[in-house]
Amino acid sequence: MPEPLKNLLHETLVGDMADRIAANAPAFDKTRFVKLATDGLGALELMERSALIRDALFATLPDDFIEAAAILRASLPASGRPGLIGWMLLPVNQFIAARGPDHFELGLDLLKALTPYFTAEYGIRPFIHRDQQRALAIISGWVGDPDQHVRRLASEGTRPRLPWAMRLPQLVKNPAPILPILTALMDDPEDYVRRSVANSLNDIAKDHPDLVAALIAGHIEGASSERRRLLKHASRSLLKNGHVQALANFGFGAAASLACELRLLNGEVMFGKGLDFEIRLTNTGDTAQSLMIDYAIHHVKADGSLSPKVFKCKTIMLTPGQSHLIERRHAMRPITTRRYYPGEHRIAVLVNGAESASESFVLRMPPLQSG
């Protein structure tokens, strides 16, 4: 079993934090900080542990944010000297997010300084929420920064629906203010940054599909292979949903004169095993077709209704009269993001976003093992 995430924040890390802050602030009460930051730590989950350590910083750093910020900045690594790094900086993010917006430029500049050592994407969001125009004016200036982590912070921290972070409702409603940031970073030399841009555009597409499809259409002509990969990754939700413009952006039109056969090799699946199936596609027309093949598993929910989940499969080109066989196994095993229920499920083949064939299968649960 993987190590629980909560264990990333532990008593040894707290002690190291205390030492590294105290090295730059002789008046810092290490003993009190460690006591406050570890009292009950073991019973808490990750973000609760981070909040406990943040509260210990509230209690032991100066009340004046300007003084506290100077101590934290001095406590970052420099010239080979150890400093606050990695998961130590999660509670520091929370500290700045709480106290920094009252000192707007200073708080954002401190987050910019720490992001090379641990992402500050969570810390900048309260600034955007407090004063979006002012925050984005500052963050927009980071797109040309020589540090890739700062450039990524400009795109990742402004994502409207960043996972595990506070949502930015103004940007969910109207993402236009962050589009210049994203377009400026489309051709960033670092894949690390480009993937963040793609993820942000994919977020936006969930609320504004036509906007993102049109933006991508305007940036795909003559695109480099790197930008084309970014744009396709940004379109992944649109493509799964069969958005017509998004499909057209990548050369997928409505499939015509196409025979699609779906064959299940096992109509009953025991949980923990897999569904084996074959898809045979035949181009019965007189022109070549570019085809994006996906499949959707319609899972049984607790109330007996079905909920589809789309999975990527393959992209092919079929010439007139050509057939292509795809063989797949879809695992039906425990995952953290889904609870499975027994009963009749459905699998559907999607070709260029349109359902082309489907079959039902039954998922069975193994009998309970007696002790």
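In the predicted model, the side chains of Asp 207 and Arg 161 form a salt bridge with an N to O distance of 2.7 Å. Asp 207 belongs to helix H12 (residues 191–207), whereas Arg 161 is located in the loop between helix H9 (148–156) and helix H10 (169–173); the pair therefore ties together parts that are 46 residues apart in sequence. Both partners are partly exposed, the relative accessible area being 28% for Asp 207 and 22% for Arg 161.

A further salt bridge involves Asp 191 and Arg 194, whose closest N and O atoms are 3.7 Å apart. In this case both residues lie in helix H12, three residues apart, which corresponds to about one turn of the helix. The two partners fall into separate accessibility classes: Asp 191 is partly exposed at 43% relative accessibility, while Arg 194, at 10%, counts as buried because its value is under 20%.

Glu 355 and Arg 346 likewise meet through their side chains in a salt bridge, with an N to O distance of 3.0 Å. Glu 355 has a relative accessible area of 46% and is partly exposed; Arg 346 is also partly exposed, with a value of 22%.

In total, the structure contains 20 salt bridges.

Definitions and conventions. Residues are numbered from 1 along each chain as its sequence is written. This is a predicted model: local features need pLDDT of at least 70, side-chain atom pairs count only at pLDDT 80 or more; totals for chains, interfaces and linings use all residues. Side-chain values use heavy atoms; hydrogens and water are left out. A salt bridge is a side-chain nitrogen of Lys or Arg within 4 Å of a carboxyl oxygen of Asp or Glu. Helices (H or I, at least four residues) and strands (E, at least two) are DSSP runs, numbered from the N terminus. Buried means under 20% relative accessible area, exposed over 50%, partly exposed in between (1.4 Å probe, protein chains only).
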